[in-house]
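Hello,

Here is the structure I promised to pass on. Please open it and keep it in view while you read my notes.

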Amino acid sequence: MQNGRREAAKRLYEIAEGQPRFFTAKQAKAAGFAENTHPYHVHAGNWIREHRGIYRLASFREASALT
């Protein structure tokens, strides 16, 4: 199961990398993350909730720090 999580995380990173660091809940689900785990990832600090249904991976710096 660990390999499945790594693959999902890799797919999600690739999605976010291609669209100014952000991703949607729908994209996370398509990448392989169960919908009921989204709050866990926010609470654990893996994802930063930017707006309803829009997230940023914590591994990316904030957009304001890049400009």
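The notes below cover a loop, a pocket and some charged pairs.

One caution before you start: this is a predicted model.

**The loop**

Start between helix 1 (2-17) and strand 1 (22-24), where you will find P20 in the loop. Look at its backbone. P20 is not a glycine, yet its phi is positive, at about 30°. Is P20 buried or exposed? P20 has a relative accessible area of 55%. The cut-off for exposed is over 50%, so P20 counts as exposed.

Now move to R21. R21 also lies in the loop between helix 1 and strand 1. Its phi is positive too, near 75°, and R21 is likewise a residue other than glycine.

Rolling a probe the size of a water molecule over the atoms shows where empty space is left. The largest pocket here has a volume of about 300 Å³. Its lining is made up of 13 residues. Those closest to the centre are R5, A8, G32, F33 and H41. Find these five in your viewer and you have found the pocket's middle.

Which element gives the most to the lining of the largest pocket? Helix 1 does, with five residues.

**The charged pairs**

Side chains of opposite charge can pair when their charged atoms come close. How many salt bridges does the structure hold? There are two.

One joins E35 and K29, whose side chains meet at 3.3 Å, N to O. E35 is exposed, at 53% relative accessibility. K29 has 49% relative accessibility. Exposed needs over 50%, so K29 counts as partly exposed.

The other salt bridge links E50 with R56. Here the closest N and O atoms are 2.9 Å apart. E50 is partly exposed, with a relative accessible area of 37%. What about R56: buried or exposed? R56 has 4% relative accessibility. Buried means under 20%, so R56 counts as buried.

**Where to look**

Go to P20 and R21 for the positive phi values. Go to F33 and H41, which are among the residues closest to the centre of the largest pocket. Then go to E50 and R56 for a salt bridge.

Best wishes

Technical notes
Residues numbered from 1 in each chain as written. Predicted model: local features only at pLDDT ≥ 70, side-chain atom pairs only at ≥ 80, totals over all residues. Heavy atoms only, no water. Helix = DSSP H or I, 4+ residues; strand = E, 2+ residues; numbered from the N terminus. Buried < 20%, exposed > 50% of the residue type's maximum accessible area, 1.4 Å probe, protein only. 1 Å grid on protein atoms, 1.4 Å probe; cavity = no way out; pocket = protein on both sides within 12 Å on 5 of 7 lines; lining within 4 Å. Points joined across faces, edges and corners; volume = space filled by probe spheres on them. Salt bridge = Lys/Arg side-chain N within 4 Å of Asp/Glu carboxyl O.
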